[in-house]
Amino acid sequence: MGIFGAMTTAISGLTAQSFALENISGNIANSRTTGFKRVDTSFADLVPDLPPKRERSGSVGAFSRNTATVEGDIQASQIGTHIAISGEGFFPVREPTGDVAGQPVFAGEQLYTRRGDFELDRNGYLVNGTGYYLMGYPVNPLNGAVIGSAIEVLRISPNNLPARATSEIEYNVNLPKYPLTNNAKPTVPGSELLTGPLFTGATVAAVNENGFLDRTIAGQSVTVYDAAGSPVNVQIRWGKTTNASPETWSAYYLSDSAATGPAPKWTQISNTIQFNASGQLTNPATGIIPAFAFTVNGVTTPAIDINFGTVGLTQFADPNGQLVPNRISQNGYPTGKFQRVQVGEGGRVMGSYSNGQTVPLAQIPLVQFPADNLLKRGDGGIFEQTLESGQPLLVDAGRNILGGSLENSNSDIADEFSKMIITQQAYSANTRVVSTAQTMLQDVINIIR
């Protein structure tokens, strides 16, 4: 059996090296395939059961070794819906089995992929380059909370973003300790103050506006929105009413720009904004004027909290004698038209709208397995769960999902060429064993002749 055994062993070597070459060929062919995971080849010796001192080295078997856990290089992409995974995990996807009225129908098992070249199709689904549909959690765009506990095929709605009524104004400014109003004269004590019954009541008549403006300083303006998304421009002015402790200010807003004569033109917001000697706000103690509704030119806003913060409204000395804004903002916005979608940090799918808002629309999770390399490979860069891989586990993507990026193939051409040279040499050596065995058999036959 020696010569025949040598031929059998050599043939097993030829078969194993052919198997390795096939894997190398596939790795080289997919060296530019997005998210491709190369297949390496493992060799195992096959030893016959023989007594001591009669052992043989045995033949060889070749087996595939997946590299699903080996990350490829990540490169930047100019498409916002392209995503890559840094570290472990897979994207959950579904394959459509048909369509009804132009809409895809999904059935069968959930699949997994590292191929993240997802783009919106005509129906608003995120589909990658091999036709697999991304899955995730829908998100409430108003508060960013995940809807439901089960993932589903994500569909991005192109509908307008509904308007959001303003519920809070964040108003962080510094009021000057000595306001340089038009009436202020350093040599005349109290000339900088807002005094007189015509200018300090709940409203200021249009006929008295000039005197009011001379005794106050501009407080900037802020545009707020009602429930329908209509803008309401709120102009604010401040007047200091006393220098005695606690130092007190009044705030007014322009309520009727077209008012004339005795009709109210400016309306008081509060006349009890107070500061201590250090310029820190003492009233309101919470730093908030709650539920104040503005009525501007006949349009009334919803109740709005005016939030100064406990340290956001101050009264420090300022040589210019004018209000210095630090931050003036509000949380409302008008309706917006859908413009584009992109994936942000942590796998959040964000929609951008014409009103300048960017809101979350979906959350992409990652799927991990106890044994990633024991998943079953499929066409198009997908993997299927197997008994050996274990059960899938949905995990928070954290910072592992990178938007605007793609993961390249983890196949390196230079490395594959090195393997190919070694494989070719091993294959040639096995052919020489076959040739040598054939020559030896021919010699045996020649003895008989």
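Predicted model: local features only at pLDDT ≥ 70, side-chain atom pairs only at ≥ 80, totals over all residues.
Residues are numbered from 1 along each chain as its sequence is written, and side-chain values use heavy atoms, with hydrogens and water left out.

**Strands and their partners**

- Strand E6 (residues 96-100) and strand E7 (residues 103-106) are joined by four bridges in the antiparallel sense, and Asp 99 has Pro 104 in E7 as its bridge partner.
- E6 and E7 form a hairpin with two residues between them, and Ala 101 in that turn has a positive phi of about 55 degrees.

**Salt bridges**

- The structure holds 13 salt bridges, each defined as a side-chain nitrogen of Lys or Arg within 4 Å of a carboxyl oxygen of Asp or Glu.
- Asp 40 and Arg 38 form one of them, with their closest N and O atoms 3.0 Å apart, and both residues are buried.
- Lys 240 and Glu 247 form another, at 2.6 Å from N to O, and these two residues are likewise both buried.
- Asp 415 is bridged to Lys 419 with a closest N to O distance of 3.5 Å, and the two residues lie four apart in helix H3 (residues 413-448), about one turn of the helix.
- Asp 415 counts as partly exposed because its relative accessibility is 35%, and Lys 419, at 25%, also counts as partly exposed.
- A network of salt bridges links Arg 38, Asp 40, Arg 65, Asp 415, Glu 416 and Lys 419.

**Aromatic pairs and a nonpolar patch**

- There are 17 aromatic pairs in the structure, counted when the ring centres of Phe, Tyr or Trp (its six-membered ring) lie within 6.5 Å, with planes under 30 degrees apart taken as stacked, over 60 as edge-to-face and the rest as tilted.
- Among these pairs, Phe 212 and Tyr 252 have ring centres 5.0 Å apart and planes at 70 degrees, so the pair is edge-to-face.
- That pair links distant parts of the chain, since Phe 212 belongs to helix H2 (residues 209-214) and Tyr 252, 40 residues apart from it, to strand E17 (residues 247-254); both residues are buried.
- Phe 90, Tyr 112, Phe 369 and Phe 383 are linked into a cluster by ring pairs.
- Leu 21, Ile 413, Phe 417 and Met 420 form a nonpolar patch on the surface, with about 320 Å² of accessible area together, and H3 gives the most to this patch, with three residues.
- Patch members have over 30% relative accessible area and no salt bridge, with nonpolar side chains (Val, Leu, Ile, Met, Phe, Trp, Tyr) joined within 5 Å and like charges within 9 Å; the areas come from the Shrake-Rupley method with a 1.4 Å probe, and for residues only the protein chains shown count as cover.

**Loops and backbone geometry**

- Asp 117 is found in the loop between E8 and strand E9 (119-120) and counts as buried because its relative accessibility is 11%.
- The C-alpha atoms of Asp 117 and Glu 407 are separated by 8.9 Å, although the residues are 290 apart along the chain.
- A cis peptide bond joins Ser 245 and Pro 246, with omega about 0 degrees, and the bond from Asn 283 to Pro 284 is also cis, with omega near 5 degrees.

Terms used
Buried < 20%, exposed > 50% of the residue type's maximum accessible area, 1.4 Å probe, protein only. Pairing = 2+ DSSP bridges.
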